[in-house]
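Subject: Structure handover

Hello,

Here is the structure you will be working with. Please open it beside this email and follow along.

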Amino acid sequence: MRGLGLTLLACCLWSTSAFAKPPLGYSVDSSGPHQELKDHTLYEIRFVCERGPGLAKDSGNLADAIGDFFLHHNDSANQYIIVGNDSAVVDATDPGKIKLPEKAISIVPVFSIKDQSVVDNFDACQKSIYVQGTQKIYLIPTVAWSSHFTEGAGLSALYQASKLISPLWSLFNPAAIPAAIASKISNAQATEDPIKSILSQMNADQNYGTTIRLRTGRYIIKTKLSTVTLNVSQIPSIVGATSDDLRRDFRAALDAAPQKIPSTNFEGVCSQIATTLQGAGFSQDQDIPYALTHLASGALSSKGDLIRCLGIYAVRATRLGNILWSWIPEAKRVTEEEASIVTDPNLPGPALQPDFSRVEGVLDDFVRDLSRTAKNLDSNGKPLPQYVSELKTTMAPTVIINDRTEAAQFDSMQPLDAQRLGEALIAQHYFRFGCYAQITEKFGSNTDGAAAMFIAFKVGKDTPSPVSLDTALGVRVLFGKGGLVSQLTFTDKRPAIMAALDANGWNCNLVVQKPTS
């Protein structure tokens, strides 16, 4: 802010009229070219504020005067640029005057002049704000005779308040995001209420201006003392911007959320946040993975939970590099391989696995295709190619085989492709498969981190129901890249086998006789 000398000239700038005159007459050049804002798309509004011809470039002295000051000797002549989702209302008693909307996205004060001084805001006016095209955006260039925002504490407070409005605030504004969800990702109320208060005070003054529906392109607003240029352009993402400050504001807006991701049963909240951010126009390749990782890394205790929260955004998050992961605790940093759920049997501890809901469809197809492969054989007892081809679509090129049974029927096997997997099961007389289930605490310890299990039956391909429990062998399933079956672990642990049967009512397209005790 600066105090600048004012030289009053005798002539008046406005002709006599029945209506009050706006100060510092303004003009708006919006000749274009312009294009409509697109739905669910982010835009940058960049302000460039410069001295107008009424201010000498070197000294800041006024070259012109404000002839109507003798009518407004207690007021300041102010300029503001207001951006919001609502238009101004024309004053019915004076067509030149307007009533400002009750809410706004941003208020940019440019300068204030009173008596013999000008307090400008040109340096702070050089800024960008960010909006999304889901709602209509209006530009309201305003000049005012103000008794509330004059040189001193009132004006200083306005200038300071305008600086504190985050350039990203409107993207988290409940006017743009459903109110029920906005509280989960932003404390928008903290900014909205001060803006409402400022606009209420402004509406007690005499405001003059117009409303312009904002589109892409350039707008130039001129007064005697200023030239403000606005450039509106589409941006691909917030996270990919050059400015570290913008990412810092993004994290701050997310951290301000009054409702956090819970430590348990979090998948629904993670999904809801992602859906909301997508609806607001945030990038699915960068912004949403960044936001979910930032929020989840502080709320969830393990790397596996972080990946489950990210869901389909996990791999995209790993590709963001240091702009994201430098802020994440090392123990929770995820590699692209981990996010792709590629499981190495030699890794210590439980493997990182997807939620059952994400792989149930693949598992259902795998068990069905395995049954078809084993039951439909050629004259040499080999699986028919068409069913082997179907099985290939549900599994990795080769699956790792782990044998945890006493009989060791599948011990020391090399990874098997679809053809050899079918042949290996047929060789051990396993022709029927079914009763897949999500692994829960009822299955006992889960040291390998498997997501699911199904049952293989050592019976003939045409054996009728019921069959004995002794024919059942448990097959624990781990999933790898692309959510395909990557490992099978055979187990003869009776509690786990019975848990899978219980989950399916002991009917696996083959009824299993349940023990009486």
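Which residues form a disulfide with their sulfur atoms 2.1 Å apart? They are C270 and C309. Before the rest, please note that this is a predicted model.

**Disulfides**

A disulfide is a covalent bond between the sulfur atoms of two cysteines. The count for this protein comes to 3 disulfides.

Start with the pair from the question, C270 and C309, whose sulfur atoms lie 2.1 Å apart. C270 belongs to helix α6 (residues 267–279) and C309 to helix α8 (residues 303–310), so the bond ties together parts that are 39 residues apart in sequence. The link of C270 and C309 is left-handed, with -105° about the S-S bond. Are these two cysteines buried or exposed? Both C270 and C309 are buried.

Another disulfide joins C49 to C125, with an S to S distance of 1.7 Å. This pair links distant parts of the chain: C49 is in strand β3 and C125 is in helix α1 (residues 122–125), 76 residues apart. C49 has a relative accessible area of 4%, so it counts as buried. C125 is buried as well, because its relative accessible area is 0%.

C435 and C508 also form a disulfide, and their sulfur atoms are 1.8 Å apart. C435 sits in strand β16 (residues 432–438), while C508 sits in the segment after α15 (494–503), so the bond ties together parts that are 73 residues apart in sequence. The link of C435 and C508 is left-handed, with -90° about the S-S bond. C435 counts as buried at 5% relative accessibility, and C508 is buried with a relative accessible area of 4%.

If you number the bonded cysteines of the protein in sequence order, the pairing reads 1-2, 3-4, 5-6.

**A sheet that includes β3**

Strand β3, where C49 lies, is also part of a sheet. What is the order of the strands in this open sheet of 5 strands? The order is β2-β13-β14-β3-β9, and the pairing is antiparallel. The edge strands are β2 (27–29) and β9 (127–132), each of which pairs on one side only. On average, neighbouring strands of this sheet are turned by 20° against each other, direction ignored.

To find a place in it, look for Y43, whose bridge partner in β14 is Q234.

**Salt bridges**

Side chains of opposite charge can pair when their charged atoms come close. How many salt bridges does a search of the whole structure find? It finds 11. Some of them are described here.

In one, the side chains of R248 and D245 meet at 2.3 Å, N to O. Both residues lie in helix α5 (residues 244–255), 3 residues apart, which is about one turn of the helix. R248 counts as partly exposed at 43% relative accessibility, and D245 counts as partly exposed at 47%.

In another, the side chains of R308 and D305 meet at 3.0 Å, N to O. R308 and D305 are 3 residues apart in helix α8, so about one helical turn separates them. R308 is partly exposed at 24% relative accessibility, whereas D305 is buried at 14%. Why do these two fall into separate classes? Buried means under 20% relative accessible area, and partly exposed covers values between that and 50%.

R368 forms a salt bridge with D369, and their closest N and O atoms are 3.1 Å apart. R368 is partly exposed, with a relative accessible area of 36%, but D369 counts as buried at 2% relative accessibility. D365, R368 and D369 are linked in a network of salt bridges.

**The whole protein**

The protein has 15 helices and 19 strands. Of its 517 residues, 51% count as buried. Among the contacts in the protein with a separation of 6 or more, 74% are between residues 24 or more positions apart. The protein exposes about 23200 Å², and carbon and sulfur atoms supply 49% of that area.

Regards

Definitions and conventions: Residues are numbered from 1 along each chain as its sequence is written. This is a predicted model: local features need pLDDT of at least 70, side-chain atom pairs count only at pLDDT 80 or more; totals for chains, interfaces and linings use all residues. Side-chain values use heavy atoms; hydrogens and water are left out. Two strands pair if DSSP finds at least two bridges between them. Helices (H or I, at least four residues) and strands (E, at least two) are DSSP runs, numbered from the N terminus. Axes are lines fitted to C-alpha atoms, for helices over the stretch in contact, and angles run from 0 to 180 degrees between N-to-C directions. A disulfide is a pair of cysteine sulfur atoms within 2.5 Å. Buried means under 20% relative accessible area, exposed over 50%, partly exposed in between (1.4 Å probe, protein chains only). Contact means heavy atoms within 4.5 Å. Accessible areas come from the Shrake-Rupley method with a 1.4 Å probe; for residues, only the protein chains shown count as cover. A salt bridge is a side-chain nitrogen of Lys or Arg within 4 Å of a carboxyl oxygen of Asp or Glu.
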